[in-house]
Amino acid sequence: MPVIDGVIVQRLSEKLTDGSIAPGLDPYGTDDAIGALNTAFVADGYFVDIADGAELDKPVELQNLQAGGQTHVRLAVRVGAGAKAVIVERQTGEGAALVSSVSQLLLDEGADVTWLIVQEQPDTATHLAQFKAHLGKNSKLTLFVMNAGGKLVRQEIVVKTTGEGADFTLRGINLLAGDTHTDVTMVLDHAVPHTASTEVIRNVVTGRARGVFQGRINVHQYAQKTNAKMACNTLLLSDDGEFSTKPELEIFADDVVCGHGATVTEIDHSHLFYLMARGIDEKSARGLLVKAFVAEVIEELDDEAIVEALETRLDGWFATHG
């Protein structure tokens, strides 16, 4: 295991052997199919503990690289009080596969984490993933999700604010092509007062691909002064592609600011004509418009190296599927 000051990294197989991770393996509910599947078959993964006050100057990358068959992993991370870190979760591989992956994150008071999930499974893989997080007092979590592969993908996001002042930001990009299906489902619980969240999802659909985003924000009775906003925007590049959106708000408090919205559109032909009239070929022009559609989400990230890497992956995806 790599040695990083202020960070303990342990193979999950060791904690499975001694039983110390067992209490954290339970599914979060009776309808948690991915959690139950992963709990039954998980064989390895990583346990990461970041000490109080630690500030990591480089991202921590957690990789799940499958080589076909079945792969079941779990990534458990605790970030101590006042600590700051960037964590990159990479999900990729080759060959026909069934993958289940559960990521668990616990943020102590004042912790600040940016977590990126980059999913690039081949179009022969089924990828079932779940991200669960509890946000302590005055903690901040920025979650960025890019789905750019997989035959059948289900990404669940389950987040709960457990301390006042907690702030959750979700930014997602779903790049769907071919005859694939991607489903992103989010459940966010504002359980205490004075918490905030914003979620923005951008989807690009081509070929016969199909996608779904279902986001539900629950504002509990005592969660006064909650500020929660959610938006899902889709760009359809073909007549055969489909994307369904179901934003939900369930509010039991009376002093909150909450809202949601969704849009579906296609490339504006006047914008396309403008670019082509200036000597840009049609495919390149379409690529520029697609990149502009999702660039706003990517460029919110503070790390220039990460932004450049994500934009390179976006360019590669469009070169193949655009």
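## A guided tour of the predicted model

The protein exposes about 14400 Å², and carbon and sulfur atoms supply 50% of that area. The model is predicted.

**Whole chain.** Begin with the complete C-alpha trace. Along its principal axes, the trace spans about 60 × 50 × 40 Å. The radius of gyration is 20 Å, in agreement with the value near 20 Å that a compact globule of 322 residues would have. Colouring by accessibility is the next step, and 49% of the 322 residues count as buried. If contacts with a separation of 6 or more are then drawn, 86% of them are accounted for by residues 24 or more positions apart.

**Charged side chains.** Select the positive and the negative side chains as two sets. The protein has 26 of the former and 46 of the latter. The centres of these two sets lie 2 Å apart.

**Loop between strands S8 and S9.** Display strand S8 (125–135) and strand S9 (140–147), and select asparagine 138 in the loop between them. The relative accessible area of asparagine 138 is 43%, so the residue is partly exposed.

**Loop between strands S14 and S15.** Move on to strand S14 (210–219) and strand S15 (227–236); the loop between them holds lysine 225. Lysine 225 is not a glycine, yet its phi is positive, at about 65°. With 46% relative accessibility, lysine 225 counts as partly exposed.

**Cysteines.** Finally, select cysteine 232 and cysteine 258. Is cysteine 232 buried or exposed? Cysteine 232 has a relative accessible area of 1% and is therefore buried. Cysteine 258, at 25% relative accessibility, counts as partly exposed. A disulfide requires the two sulfur atoms to be within 2.5 Å. Starting from cysteine 258 leads back to cysteine 232, whose sulfur is the closest cysteine sulfur, at 18 Å. The count of disulfides accordingly comes to zero.

Note on methods
Residues numbered from 1 in each chain as written. Predicted model: local features only at pLDDT ≥ 70, side-chain atom pairs only at ≥ 80, totals over all residues. Heavy atoms only, no water. Rg over C-alpha atoms; globule rule 2.2 N^0.38 Å. Buried < 20%, exposed > 50% of the residue type's maximum accessible area, 1.4 Å probe, protein only. Contact = heavy atoms within 4.5 Å. Areas by Shrake-Rupley, 256 points an atom, 1.4 Å probe, with all protein chains shown as cover. Lys, Arg positive; Asp, Glu negative; His and termini not counted. Charge placed at Lys NZ, Arg CZ, Asp CG, Glu CD. Helix = DSSP H or I, 4+ residues; strand = E, 2+ residues; numbered from the N terminus.
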